[in-house]
Amino acid sequence: MTSTIQQELLPLLKTHFGYDSFRPNQLEVMGDILSKKNVMAIMPTGGGKSLCFQLPALANEGTAVVVSPLIALMKDQVDALRANGVAAAYYNSSQPYEVQQEILRSLRQGELKLFYVAPESLYQFDSVFKDIHISLFAIDEAHCISSWGHDFRPAYTQLGTLKERFPNVPIMALTATADKTTQDDIVDQLSIPDADRHLASFDRPNLFLEVRPAQNRIKKIVDFLAQRPGESGIIYCLSRKNTEKIAERLCDSGFQAKAYHAGMTSEERSSVQEDFITDRIPIIVATIAFGMGIDKSNVRFVIHYNLPKNVEGYYQEIGRSGRDGLPAHALLFYSYGDVTLLRRFIADSDNAEVEYAKLERMQQFAEALSCRRIALLNYFGEPIYENCGNCDICKRPPKYFDGTLLTQKICSAVARLKENEAMGMVVDVLRGAQNAQVFDNGYQNVKTYGAVKEVSWLDLQQYVIQLLNQGILEINFREGSRIALTSSAKQVLFEGKQVRLAVLEKEKLKTKKEGKT
Ligand code: ADP
Ligand code: ZN
């Protein structure tokens, strides 16, 4: 199957794009769409998502419709396609009337292999699309359809009826940033629950992952930089004021650093950006406004002065270092004060509940007692269980004990609660708590009720968090942060897979948020 598709597509790849081979997952994604299957492709930026729909568009009869949120991006892609002799066009509301009419005409005539359209303009094409032959719908930046993603766009919700209106046209959803929950939501929103999911690896093995307590951050940063003279890096912080303050402090300590934030004029910003890209200024202290679209391969470190508000943001930001594949360092400073601060920001947002849950997951990552890479990749749904050897925990592991039996009990409780309850209830049931919620649900009759009485509430919660970080359990944010089992949990329950848990350090826990008793 794959090999016939490969034989069909390889010549097109060569003729139109000049490439000789496929990147990971490209062929699988194309194969699905050519067999008229719905498909979701999750690939890191630069992974080659566009080709996944461009090539099938050429191989198929009819026109591929590409929905994309960024006009500049559409234009770039269409220009590039045309330069390669592919009939492509894009449509948006800002084009002159005559241009729009000409595009419509060629669309009606079936002259286009690819038609790019902004989600806002899509409704205008309802009747046209019924009249022409559409080979596929490609939904770029598909996470925008989910309020669980990090960039929800109301216009995307229109795409929810595409499947119903065009049941025979396969849909391809593409994104570079969607955690497991967002992935689930995308396929639901697009009504393509059957979609094959292809997840390219998000692993960046050359990034050393480290988390340190935030006390004396500035001094720690100065020491860090002193060991890396001349190296290029980004320091992210939350407030504009801090970017300036820190840049100044670093300059005072003899480093060349500049601040960057959205409060500066666009000239100031481009000039700082230019200084960084051309290596005139090695260190940028910035808000998260910095970095998008910056293609600089030799960024050797990314420091988070403050805790990012979710793991998606963290991953994206650290991903700006080490693009050349050489070692790079991702250093995160963690303080409970930042958590409180971020929680205050979130209180005003429309989607507060989700954002709280995601922040909590970020916090759990920062507190991880097992390999950080395992925690990070499992969050994105990538099942990896080998210790990476390139994170602070792998380098300086805590003391572990054989937690297999405890893990079996926890997983069994999660299963018996039908993966229907949040962490608090799982812990309550395991400890045999006698409260109304437990009794109302009849959980005192569950077989694992009271199975871990001897462990304190807070400790047990910490063990559950460890299992989240080890990818044995996962949280379903969409369903009230319910705890669910992963395939790894099933190995623990049924195939005797061993689990190591970290011995908890009592002093550390006391500073954590209050737990129940
Ligand atoms: P994404 O949308 O995933 O960020 P793009 O589709 O823009 O990535 O592709 C990134 C770059 O990789 C582009 O320059 C593209 O031409 C190139 N590319 C894509 N597929 C291949 C391939 N099979 N072989 C070589 N280069 C490729
Ligand atoms: Zn590790």
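The following questions and answers concern a predicted model and the terms applied to its parts.

User: What makes the residues around Ile235 its contacts?

Analyst: Two residues are in contact if their C-beta atoms lie within 7 Å. Leaving out residues up to four places away in sequence, Ile235 touches Ile221, Ile246, Ile283, Val285, Ile303 and Tyr305, so these pairs meet that cut-off. Ile235 is also among the residues with the most contacts inside the largest nonpolar core, which has 89 residues.

User: Which other core lies apart from that one?

Analyst: A core of 56 residues, including Leu27, Met43, Cys52 and Met74. Each member of a nonpolar core is buried by definition, so Met43 has 20 or more other C-beta atoms within 10 Å of its own.

User: How do you know that the span of helix α5 is close to the expected one?

Analyst: The expected span is 1.5 Å times one less than the number of residues. For the 12 residues of α5 (residues 97-108) this comes to 16 Å, and the helix reaches 16 Å from its first C-alpha to its last.

User: What makes α5 hardly covered?

Analyst: Among its 12 residues, the count of buried ones is one.

Key: Residues are numbered from 1 along each chain as its sequence is written. Chains are lettered from A and ligands numbered from 1 in the order in which they are written. This is a predicted model: local features need pLDDT of at least 70, side-chain atom pairs count only at pLDDT 80 or more; totals for chains, interfaces and linings use all residues. A nonpolar core is a set of buried Ala, Val, Leu, Ile, Met, Phe, Trp, Tyr and Cys residues joined through C-beta atoms within 7 Å. Helices (H or I, at least four residues) and strands (E, at least two) are DSSP runs, numbered from the N terminus.
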